[in-house]
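Welcome! Please take a moment to look over the sequence and the model below, and then we will walk through them together.

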Amino acid sequence: MRGKRGSVNIIGLMRAVAVLTVIISLLTGFDIPQHDIELFSHFRLQYFVVSVFLLAVFTFLRHYIYIGSLAIAAIFNATFVLPWYFAEPVAVVGEPLKLIHANVYSSNAEYERLIDLVAAESPDM
């Protein structure tokens with residue numbers, strides 16, 4: 001059953017999400033010196049999950065153009081995401097560096113607590 005002209009249906013929304021996912025995945029995968037585009041590069045896991053989910057949906061619906069483009073997006077995002085979970089651990093070379101970071105409220109007058117902490121921990125930095 002077709003919807004009225006101008007109406008929104010779930011398949012249309014999934015198509016729009018699929019197109020946006022593919023475009024944003026590919027745009028953010030390359031080193032484009034544009035800050036606004038670069039901000040979207042931090043969501044690789046989400047792009048991967050959405051593209052795999054929509055790939056399954058459009059495979060069931062047999063929409064082959066979406067299947068092909070979402071498969072490319074899923075594989076492309078997988079090359080970024082899967083090494084986070086399946087890469088070999090990095091061997092630590094040298095001695096570990098001990099850091100201490102303190103976010104101290106400027107009107108705080110309890111200086112001794114921070115000085116005692118630094119003395120007790122003996123950080124490198």
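## A tour of the model

Ser122 sits in the segment after α5 (111-121), where helices are DSSP runs of H or I with at least four residues, strands are runs of E with at least two, and both are numbered from the N terminus. Ser122 is not a glycine, yet its phi is positive, about 50°. Another residue of this kind is Arg62, whose phi is about 60° although it is not a glycine either. Arg62 belongs to the loop between α3 and α4.

This is a predicted model, in which local features need pLDDT of at least 70, side-chain atom pairs count only at pLDDT 80 or more, and totals for chains, interfaces and linings use all residues. Residues are numbered from 1 along each chain as its sequence is written, and side-chain values use heavy atoms, with hydrogens and water left out.

How confident is the predictor? The mean pLDDT (confidence in each residue, from 0 to 100) of the protein chain is 89, and 96% of the residues reach 70 or more. Among the elements, helix α3 (residues 44-61) has the highest mean, 96, while helix α2 (residues 35-38) has the lowest, 83.

Now for the overall layout. The protein chain has five helices and zero strands. Its radius of gyration is 24 Å, whereas a compact globule of 125 residues would come near 14 Å; the radius is taken over C-alpha atoms, and the globule rule is 2.2 Å times the number of residues to the power 0.38. The C-alpha trace spans about 75 × 40 × 30 Å along its principal axes. Leu61, in helix α3, gives a sense of distance: its C-alpha atom is 55 Å from that of Gly94, 33 residues away along the chain.

Of the 125 residues, 18% count as buried. Buried means under 20% relative accessible area, exposed over 50%, and partly exposed in between, with a 1.4 Å probe and protein chains only.

| Residue | Relative accessible area | Class |
|---|---|---|
| Asn77 | 0% | buried |
| Thr28 | 11% | buried |
| Leu61 | 31% | partly exposed |
| Ser122 | 53% | exposed |
| Arg62 | 60% | exposed |

Thr28 is part of helix α1 (residues 10-28). A polar atom of its side chain lies 2.7 Å from the backbone oxygen of Ile24. Leaving out residues up to four places away in sequence, Thr28 touches Ile37, Phe40, Ser41, Arg44 and Tyr47, where contact means heavy atoms within 4.5 Å.

Asn77 is in helix α4. Beyond four places in sequence, Asn77 touches Ser25, Arg44, Tyr47, Phe48 and Ser51.

Which residues make up the largest nonpolar core? The nine are Met14, Ala18, Val22, Leu54, Val57, Phe58, Ile67, Leu70 and Ala73. Helices α1, α3 and α4 (64-86) each give two or more residues to this core. A nonpolar core is a set of buried Ala, Val, Leu, Ile, Met, Phe, Trp, Tyr and Cys residues joined through side-chain atoms within 4.5 Å. In soluble globular proteins, nonpolar side chains tend to be buried together. Leu70 touches Ala18, Val22, Ser51, Leu54, Leu55 and Phe58, again not counting residues up to four places away in sequence.

Note on methods. Polar contact = N/O pair within 3.5 Å; in protein donor to acceptor, adjacent residues only side chain to side chain. pLDDT = per-residue confidence, 0-100.
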